[in-house]
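This briefing goes with the sequence and the 3D structure shown below. Please keep both open while reading the points that follow.

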Amino acid sequence: MDHAEENEILAATQRYYVDRPIFSHPVLQERLHKKDKVPDSFGDKLKQAFICTPKKIRNIIYMFLPITKWLPAYKFKEYVLGDLVSGISTGVLQLPQGLAFAMLAAVPPVFGLYSSFYPVIMYCFLGTSRHISIGPFAVISLMIGAVAVRLVPDDIVIPGGVNATNGTEARDALRVKVAMSVTLLSGIIQSTVAVLQNVKNLNVCSLGVGLMVFGLLLGGKEFNERFKEKLPAPIPLEFFAVVMGTGISAGFNLQESYNVDVVGTLPLGLLPPANPDTSLFHLVYVDAIAIAIVGFSVTISMAKTLANKHGYQVDGNQELIALGLCNSIGSLFQTFSISCSLSRSLVQEGTGGKTQLAGCLASLMILLVILATGFLFESLPQAVLSAIVIVNLKGMFMQFSDLPFFWRTSKIELTIWLTTFVSSLFLGLDYGLITAVIIALLTVIYRTQSPSYKVLGQLPDTDVYIDIDAFEEVKEIPGIKIFQINAPIYYANSDLYSSALKRKTGVNPAHIMGARRKAMRKYAKEVGNANMANATVVKVDAAVDGEDGTKPEEEEDEIKFPPVVTKSTFPEELQRFMPPGDNIHTIILDFTQVNFIDSVGVKTLAGIVKEYGDVGIYVYLAGCSAQVVNDLTQNRFFENPALKKLLFHSIHDAVLGSQVREALAEQEASAPPPQEDSEPNATPEA
């Protein structure tokens with residue numbers, strides 16, 4: 001037996017005992033004393049907002065320029081080798097992906113290089129994640145390409161176009177403008193929130209080249225995955241494919257001999273800044289919103305995953321600012337929208353990258369290609385880039401394997417998956433995303449409208465209460481029903497909650513009232529007095545509804561909520577006419593999993609208290625959070641102060657409170673009546 005098992009056995013055999021009062025809400029509040037909080041005056045707040053101290057200035061600089069915090073603390077001897085290896089490895093992968101993803105964005109390949117350089121440099125200054133690789137990302141590139149092709153189709157008539165070549169160049173220039181506009185707008189959206197294509201290769205030779213590269217890349221990726229523990233770094237297959245494809249294409253002159261489409265001219269040097277065409281904003285704002293959301297979601301998810309793995313924090317708001325500025329400023333240099341690349345991030349992290357400097361080094365490799373060696377890749381067949389794109393989308397295609405898992409675990413998540421896929425396939429990525437978000441929100445509403453309801457019982461001799469349908473050892477406490485919901489109570493599910501309470505507990509006030517009326521009539525029939533039956537029924541109804549037969553909440557609109565409980569005047573001699581059943585005296589509503597209750601829910605709760613109170617059943621609330629108590633208070637649930645006595649700190653407090661109340665009631669009922677004084681004129685017996 002190992003040490004862990006011994007500890008488990010020891011813990012299971014230990015006992016703990018608690019000696020404290022039963023904590024109803026009033027009793028607990030008497031024990032607690034709120035801290036005195038003196039709110040700052042408006043002048044003090046204004047002074048604090050505008051006062052400048054070295055610490056405040058330093059924190060502001062750290063917030064907006066994280067590099068000023070991590071770079072001075074850079075451990076050169078410890079980090080530099082890992083960052084250097086990681087930067088080279090990531091840069092080798094970023095080059096072919098930048099070229100390939102530019103095709104998805106429907107812009108010339110060189111713009112993929114620009115998008116792999118400018119934003120990465122800016123992220124090094126602005127980002128808080130040490131391991132993610134910023135740059136072109138397949139899904140974002142597809143979304144950009146969809147907009148570009150929609151607004152500038154292949155068959156568009158270009159004014160002044162002399163020949164096919166000039167027409168293609170003019171078309172590409174227009175698509176670059178569209179990409180710049182979408183990128184600028186998505187960046188503005190991301191920054192604002194923080195502060196407040198098809199590949200067509202029909203040539204047989206191109207198809208052969210593409211299939212060959214695809215097979216090599218696919219097999220190589222499987223090799224990298226299988227032996228990732230033994231390899232010091234993943235083999236840069238995409239880079240080798242680009243080098244080999246360029247060499248073969250140039251050596252055999254595939255473009256002229258076999259009419260193979262190649263990358264073409266890669267102009268050396270950086271382009272001067274240009275103003276994006278803001279007149280296109282009204283045509284692309286929907287796409288920009290979708291790109292902004294997807295880009296940030298992918299980035300922050302990967303950043304948090306790697307941050308948790310390595311034990312540091314990322315600032316989601318700063319990441320949004322960083323992405324927004326990378327896109328907004330990058331668009332001035334004719335880049336398209338960027339995000340976190342999953343594959344490159346894993347390479348950057350897996351090859352020993354320690355800081356954002358690794359990404360910066362990778363971007364410098366791209367700068368070298370832009371300034372000096374870009375012409376070497378002009379003979380690269382586009383089929384090679386197509387194969388790189390398809391292989392990098394393998395992860396997306398593999399998500400089909402998730403369908404059986406979702407079928408077994410969550411039909412709702414399966415519905416979201418299928419809806420997102422179908423809508424994206426037929427409506428496009430932008431409208432598909434919007435449709436998916438709407439469906440996801442509807443499923444949230446559906447889940448809150450269809451929560452799980454449970455009746456709880458006690459694990460004997462403990463303060464543990466569990467679902468009675470789940471375990472044989474759990475027993476219900478005589479006279480008490482404990483009802484649990486695992487969702488908030490609000491306008492969409494409040495009626496369902498009331499109905500489920502009556503159905504699951506089997507205690508329905510209307511049925512109890514009807515059974516009592518039938519018992520009255522049976523008793524009256526037995527004694528042969530029909531008039532007595534009618535009178536008795538009226539008496540009971542009046543006693544339940546109020547002394548004068550009116551409902552309390554209707555009396556001059558003054559009493560909004562009823563008394564805690566109305567003691568029934570139902571005679572004990574009529575109990576034999578009632579159908580057999582549990583004599584329930586208390587309903588406990590477990591609110592430990594209720595995080596809020598709105599005004600409609602409060603009214604429903606008040607109705608439940610009144611309904612059960614009318615038939616002599618107390619309704620207790622257990623485990624209410626401070627937020628729920630605040631909701632009840634603001635919605636005037638405690639207008640009758642006696643209702644505060646219904647709140648208990650825990651289920652066990654409520655159970656004990658109910659048992660004490662019933663014991664006192666029995667003691668009071670069994671006490672002999674007080675002796676009446678004899679009449680003064682009475683004659684004593686002899």
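The model is predicted. Its open sheet has 6 strands in the order S4-S3-S5-S6-S7-S8, with mixed pairing. Helix H22 lies across S3, S5 and S6, while helix H25 lies across S6 and S7.

- Strand S3 (residues 453-458) pairs with S5 in the antiparallel sense, over 4 bridges.
- Strand S6 (residues 586-590) pairs with S5 in the parallel sense, over 5 bridges.

**Strand S5**

- S5 spans residues 480-485 and is mostly covered, with 6 of its 6 residues buried.
- On one side of S5, the buried residues are Ile480, Ile482 and Gln484.
- Phe483 in S5 has Val455 opposite it.
- Lys481 has Ile587 in S6 as its bridge partner.

**Helices across the sheet**

- H22 (residues 494-505) runs at about 45° to S3.
- H25 (residues 599-614) runs at about 145° to S7, a strand formed by residues 618-622.
- The axes of H22 and H25 come within 9 Å and cross at roughly 30°.
- Because angles under 35 degrees count as roughly parallel, H22 is roughly parallel to H25.
- H22 and H25 make a right-handed crossing.
- From H22, the contact uses Ser494, Asp495, Tyr497, Ser498, Leu501, Lys502 and Thr505.
- From H25, the contact uses Val600, Gly601, Thr604, Ile608, Glu611 and Tyr612.
- The residues in the contact of H22 with H25 fall into 5 nonpolar, 5 polar and 3 charged.

**The H13 and H14 pair**

- Helix H13 (residues 281-310) packs against helix H14 (residues 316-332) at an angle of about 130°, and their axes are 10 Å apart.
- H13 and H14 are therefore oblique to each other.
- The crossing of H13 with H14 is right-handed.
- H13 contributes Gly295, Phe296, Thr299 and Ile300, which meet Gly316, Glu319, Leu320 and Leu323 of H14.
- The contact of H13 with H14 has 4 nonpolar residues, 3 polar and 1 charged.

**Positive phi at Ala106**

- Ala106 is not a glycine, yet it has a positive phi of about 65°.
- Ala106 lies in the loop between helix H6 (76-104) and helix H7 (110-126).
- Is Ala106 buried or exposed? Ala106 has a relative accessible area of 8% and is therefore buried, since buried means under 20%.

**Positive phi at Asp461**

- Asp461 also is not a glycine and has a positive phi of about 65°.
- Asp461 lies in the loop between S3 and S4, the latter being residues 465-467.
- Asp461 counts as exposed, because its relative accessibility is 74% and exposed means over 50%.

Conventions: Residues are numbered from 1 along each chain as its sequence is written. This is a predicted model: local features need pLDDT of at least 70, side-chain atom pairs count only at pLDDT 80 or more; totals for chains, interfaces and linings use all residues. Side-chain values use heavy atoms; hydrogens and water are left out. Axes are lines fitted to C-alpha atoms, for helices over the stretch in contact, and angles run from 0 to 180 degrees between N-to-C directions. Helices (H or I, at least four residues) and strands (E, at least two) are DSSP runs, numbered from the N terminus. Angles under 35 degrees count as roughly parallel, over 145 as roughly antiparallel, 65 to 115 as roughly perpendicular and the rest as oblique. A crossing is left-handed if the near helix is turned anticlockwise from the far one by less than a right angle, and right-handed if clockwise. Contact means heavy atoms within 4.5 Å. Ala, Val, Leu, Ile, Met, Phe, Trp, Tyr, Cys and Pro count as nonpolar, Asp, Glu, Lys and Arg as charged, and the others, Gly among them, as polar. Buried means under 20% relative accessible area, exposed over 50%, partly exposed in between (1.4 Å probe, protein chains only). Two strands pair if DSSP finds at least two bridges between them.
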